[in-house]
Amino acid sequence: MARAIEVMQLLRQRGLQTPMIAGGYGPTFHLDEFLNAGFDVVVLGEAEETVCELSEHFAFGKLDLSDISGISYKHDGKIVRSGRRPAVANLDAIPFPSRDAIRASLERRSAVPVLSSRGCAAHCTFCSIVAFAKVSDGSHWRQRSIENVVDELEQVSRLGATCFKVIDDSLIEPPRDELWCRELADDIQSRGLRVRLRGSIRADRVTDEAIRQLKRAGFFAFSCGIENYSESALKRMAKSASVDQNLQALDVFKKHGIYVQAGHILFDHGATMEELRENHRRMSDYVWTISKGIFSEMYAAEGTPFTRLLRKRNLIDANDDGSGSRNYRLADEDVVQAYTGLKRWHKSLFAFTTKRSTPSARQRHSRTRTWSNSTRLRPNCGGTTSPSWNSSWTPLSRVSMTSMALLTLRSQGTRSNARRWRHGLPRLRVGRAGV
Ligand code: B12
Ligand code: SF4
């Protein structure tokens, strides 16, 4: 966010007078900062239709800014917002994105992004996606037809792509169901497409049959927001899945040999030691789901109910580091100790493992396969969050457990010890401390 503002200001300093328009999650939730810094317009929410109308205004002087809904700008020195714009209802009507830069993705062996739906029907308190959807009118979850999605996969496959990241927030929302998964697989197979797909799915939408069919379609990996193994923490986050549903989903992934990148949020303002212990117990059983994001803290993004709650309780740190996430304080002293210790340990281990030599292709292959006998991981398909190679993944999962156990035990001990541990780091630095 700060970088976008800096770039705009550098361009201005060099004399560029072109109108500057900002859009996306950052500007939508920080419109004052963007407009006060010098942007002419901030687009709120989805922009496909808005940018066309803005072009009419700036290029041809046809429309007045006040006639364009879904924007914010300055009028007589004051920030004004135009009317709300409905979210794009028919996603099939949006032309396929330009793939001019696909060579770079293919050379980096990155998964190529493709989108089959927008939004999510759940209401997690910390989630920007729900907040973003509320900026616009209309349905919060919309989908493209199977035919339209597979047409695009086919088109991009012809350019040489085989590995795709389906960037949907929540792949299987109603009316999508097991039958939809079957039809998607049928269409992909009947066209002879050999695609490898990664996606994101809600734990409470995972069923055995859905995953079986999605695997047939080409899905080999899913991100799944497990977040926490404590019922009280899930409730605080307003997660739609229960602990049991989370575990059931993980079992299904494992059964089908699907790599799961399980999201964990162990630390938020209300985390307790008992919750950390519950997490430790469950993680010991599901140790194979642990990736380097295990000790994540909850991101406090503007526009979310979570950040509103923190502000109401006066827990937000006044300093803003320009990342868009707010720093906040934790309630429980022992949790602060555990957090600080884990983060220090985690960072040093990460630095250690990444300093070591980059693994050879053979090492990569053999190490990733240690995850599970049933899985078939495929190296070199996507960025660092793909199952291609995560330098610290396998050793980290075991050591993390030991470390977490030690810290949990230690925190049951003395408070003076706790104070020594967190010396110099009294506050949770959310959004910055992640490794
Ligand atoms: C793919 C993705 C990534 C990829 C990006 C890959 C790439 N090369 O594009 C990777 C993995 C790198 C990534 C990283 C991160 N991501 Co991300 N990512 C996404 C994801 C899943 C899809 C983004 C996308 O392409 N959407 C499809 C397009 C069509 O939608 P869109 O981006 O919203 O764009 C529309 C409007 O926003 C607007 N718009 C967007 N940009 C602009 C610009 C202008 C000028 C205008 C006028 C309009 C406009 O118009 C578009 C069309 O309607 C979103 C989830 C989501 N629903 O968006 C999260 C999301 C954007 N990511 C998020 C986060 C937090 C991050 C990280 C900070 C995570 C981390 N802790 O490291 C990093 C930040 C990286 C960075 N440097 O900025 C959050 C942002 C929250 C927030 N409040 O800002 C999201 C919303 C996920 C979430 N659940 O909260 N991410
Ligand atoms: S399930 Fe995921 S995408 Fe949906 S609201 Fe919760 S965090 Fe956001």
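**Close-up views of a predicted model**

The crossing of helix 8 and helix 9 is left-handed, a term used when the near helix is turned anticlockwise from the far one by less than a right angle. This is a predicted model, in which local features need pLDDT of at least 70 and side-chain atom pairs count only at pLDDT 80 or more, while totals for chains, interfaces and linings use all residues. Residues are numbered from 1 along each chain as its sequence is written, and chains are lettered from A and ligands numbered from 1 in the order in which they are written.

**View 1. Helix 8 and helix 9.** The axes of helix 8 (residues 178–190) and helix 9 (residues 208–217), taken as lines fitted to C-alpha atoms over the stretch in contact, come within 8 Å and cross at roughly 15 degrees. Helix 8 is therefore roughly parallel to helix 9, the word for angles under 35 degrees between N-to-C directions on a scale from 0 to 180 degrees. Helices are DSSP runs (H or I, at least four residues), numbered from the N terminus.

**View 2. The shell around ligand 2.** Ligand 2 is surrounded by residues including Cys120, Cys124, Cys127, His123 and Arg202, where a residue counts if its C-beta atom, placed from the backbone, lies within 6 Å. This shell divides into 6 nonpolar, 3 polar and 2 charged residues, with Ala, Val, Leu, Ile, Met, Phe, Trp, Tyr, Cys and Pro counted as nonpolar, Asp, Glu, Lys and Arg as charged, and the others, Gly among them, as polar.

**View 3. The shell around ligand 1.** Around ligand 1 there are 23 residues, with Gly23, Gly24, Glu46, Ala47 and Ser128 the closest. Helix 2 supplies the largest share of this shell, 3 residues.

How values were computed
Helices (H or I, at least four residues) and strands (E, at least two) are DSSP runs, numbered from the N terminus. Angles under 35 degrees count as roughly parallel, over 145 as roughly antiparallel, 65 to 115 as roughly perpendicular and the rest as oblique.
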